Amino acid sequence: MTKTAREISADIEFPGRKMDFGFDFEDLPRYWNDNDAFKTHFMNALSCLFLEGERMFIDAVRDSQHLVKDEKLLSQVKSFIKQEAIHGHEHHKFSEYLDSMGYPATKVEDFERKEKKLMRKYMPAKRRLAITCAVEHFTAILAHQVLTNPEATEGMDPRFKEMWTWHAIEETEHKGVCYDVYEQTGGGYWLRVFAMFNVTWMFLLRTAIVQGIFLWKDGKLFKPSTWKSGFKFFWKKPGLIPSIWSDYKDYYRRDFHPWDHDNRELLGEWQAGHDNYKTV
Ligand SMILES: [Fe+2]
Ligand SMILES: [Fe+2]
């Protein structure tokens, strides 16, 4: 019998993996993504927003988990926290490299840290958890593109492709955890979709600002070739926005669950070739 999305979510097991890519960033090409400034700085911007974003997710779940009764979900929360903490650690190392290249990546992290501290102080845990669910949906649908759309990764430096693929796999593994905590702690529909509406424009605006700063540093912000590439990246078939639109709008359904989109087969394929990582 086919499992429901909530049954899949309850059954799934995943470890925290101790990742240390340890590769030497020094010989990474400046435009490591398809030799393209727009695509590279889009990913660079996402990368330096991850550290504090993922810390916020961890805090939101930690501040809500005392209300969770389900032992299995509590053990998934532990694995979720391990995975997100390691993601932040790896992306921070990359931010330090971006600093050494002349981009203010750790300054972006500092700004984000102050903002998230204020959010934790003044915003109730349930609202922060609703925001976390919305961003986790974004990361899950972007992860699905990384894992299934060859256009998303084929021009990447292979070491970076490995890092983004690992992150995408773990985002897929834990995509239901925050959502289940939100539901089990009484989170409702309107707060969830209100959070998604706000997260959508904040996420796009924030990424665009950081990406714009990085492009400006390279003297490429106002070059027509940069924006031609950007248009192609976002819109031209199978551009990013048309590719994720259907998954994105599913979030506004009342009966939505992240595992409605059952893509577990992607996990098995990756795990088969990566069973040598240490777990924590
Ligand atoms: Fe993550
Ligand atoms: Fe995540």
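Student: Which residue bridges the iron ion (ligand 2) and the iron ion (ligand 1)?

Tutor: Glutamate 84 bridges them, and the two ions lie 3.8 Å apart. This is a predicted model, where local features need pLDDT of at least 70 and side-chain atom pairs count only at pLDDT 80 or more, while totals for chains, interfaces and linings use all residues. Residues are numbered from 1 along each chain as its sequence is written, chains are lettered from A and ligands numbered from 1 in the order written, and side-chain values use heavy atoms, without hydrogens and water.

Student: Why is glutamate 84 called buried?

Tutor: Buried means under 20% relative accessible area, exposed over 50%, partly exposed in between (1.4 Å probe, protein chains only). Glutamate 84 has 1%, so it is buried. Glutamate 136, at 2%, also counts as buried.

Student: Why are α2 and α5 called oblique to each other?

Tutor: Angles under 35 degrees count as roughly parallel, over 145 as roughly antiparallel, 65 to 115 as roughly perpendicular and the rest as oblique. Angles run from 0 to 180 degrees between N-to-C directions, and axes are lines fitted to C-alpha atoms, for helices over the stretch in contact. Helices (H or I, at least four residues) and strands (E, at least two) are DSSP runs, numbered from the N terminus. α2 and α5 pack at about 130 degrees, with axes 9 Å apart, and are therefore oblique.

Definitions and conventions
Donors are N, O and S atoms within 2.8 Å of the metal (3.2 Å for Na, K and Ca); water is not among the atoms, so sites may look incomplete.
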